[in-house]
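I opened this entry to keep track of what I looked up, in the order I looked it up.

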Amino acid sequence: MSTGEKTVTTRRSVRYELAEGPGVLAECRDLTQRALAAWFGHAGARGREPVEDVLLLVSEVVTNARLHGGAPYELCLEGRGRALCVQVSDSSPHRPVPHGPHRAGRPSGHGLYLLQRLAAHWGTVTRGRAGKTVWFEVDVLR
């Protein structure tokens, strides 16, 4: 859950400080959906394939941060022309590692595969003692 603190640097860029809790995933999805609708209008509406891709990837990255990264502490959203860039920072310095070749029948381990398939670009940035940031970009206006 966010601490309620929000820093807006431009009309199409926002940073949220997150607090630990079971509602952080739903909150990150909601914040992302609101940004998509505000910045991309009809193209940012639920039900559109790129929007659903963004929301799925937010779910994957935030869930991975909760399971493997300590805790997500920041969500950053930035509208970049036709795309949305999402950054999720957590307290672990360890980069995500694939669980080997993708196998659709596995109950988990699909997050990095989905990032590779659905994001235009993605990566990680180590933040030293502050952990790391996993980021991705999806073309909303295809």
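**Glu137 and its strand**

I started at Glu137, which sits in strand β6. The model is predicted, and I read it as such throughout. Is Glu137 buried or exposed? I found a relative accessible area of 14%. The cut-off for buried is under 20%, so Glu137 counts as buried.

Next I listed what touches Glu137, leaving aside neighbours within four places in sequence. The contacts are Arg80, Ala83, Leu84, Cys85, Ala119, Ala120 and His121.

Then I looked at the strand as a whole. Six of the eight residues of β6 are buried, so I noted the strand as mostly covered.

**Partners of β6**

Which strands pair with β6? I found β5, residues 121–126, running antiparallel to β6, residues 132–139, with six bridges between them. I also found β4, which pairs with β6 in the antiparallel sense over eight bridges.

I checked single bridges after that. Val125 has Thr133 of β6 as its bridge partner. Gly123 is bridged to Trp135 in β6. Ser89 also has its bridge partner in β6, and that partner is Thr133.

The turn came next. The hairpin of β5 and β6 has five residues between the strands. Gly128 in this hairpin takes a positive phi near 60°.

**Whole chain**

How many helices and strands does the protein chain have? I counted three helices and six strands. From the N terminus on, the order reads β-β-α-α-β-β-α-β-β.

The protein chain has 142 residues, and 43% of them are buried. The accessible surface comes to about 7600 Å². Carbon and sulfur atoms account for 52% of that surface.

I then took the contacts between residues at least 6 apart in sequence. Of these, 57% join residues at least 24 apart.

**The largest nonpolar core**

Which residues have the most contacts inside the largest nonpolar core? I noted Leu75, Leu77, Leu84, Val86 and Phe136, in a core of 32 residues. At least two core residues each come from β2 (13–18), α1 (24–40), α2 (49–68), β3 (72–80), β4 (83–90), α3 (111–118) and β6. The element that gives the most is α2, with eight residues.

Leu77 is in contact with Arg12, Ser13, Val14, Tyr16, Leu31, Thr32, Ala35, Trp39, Leu84, Cys85 and Val86.

Val14 was worth a separate look. I placed Val14 in strand β2. At 7% relative accessibility, Val14 counts as buried. Val14 and Leu77 are 63 residues apart along the chain, and their C-alpha atoms are separated by 5.4 Å.

In helix α2 I picked Thr63. Thr63 has 29% relative accessibility.

For α3 I asked which residues are buried. They are Gly111, Leu112, Leu114 and Leu115. These residues cover an arc of only 160° around the axis, so they lie on the same side of α3. An α-helix has 3.6 residues a turn, so residues three or four places apart point the same way. The cover over the buried residues of α3 includes α2, β5 and β6.

Cys76 is in no disulfide, and the nearest cysteine sulfur, that of Cys85, is 8.9 Å away.

I also read off how covered two cysteines are. Cys76 is buried, with a relative accessible area of 8%. Cys28 is buried too, at a relative accessible area of 0%.

Methods. Residues numbered from 1 in each chain as written. Predicted model: local features only at pLDDT ≥ 70, side-chain atom pairs only at ≥ 80, totals over all residues. Heavy atoms only, no water. Buried < 20%, exposed > 50% of the residue type's maximum accessible area, 1.4 Å probe, protein only. Disulfide = S-S within 2.5 Å. Helix = DSSP H or I, 4+ residues; strand = E, 2+ residues; numbered from the N terminus. Contact = heavy atoms within 4.5 Å. Areas by Shrake-Rupley, 256 points an atom, 1.4 Å probe, with all protein chains shown as cover. Pairing = 2+ DSSP bridges. Core = buried A, V, L, I, M, F, W, Y, C linked by side-chain atoms within 4.5 Å. Arc of directions from axis to C-beta.
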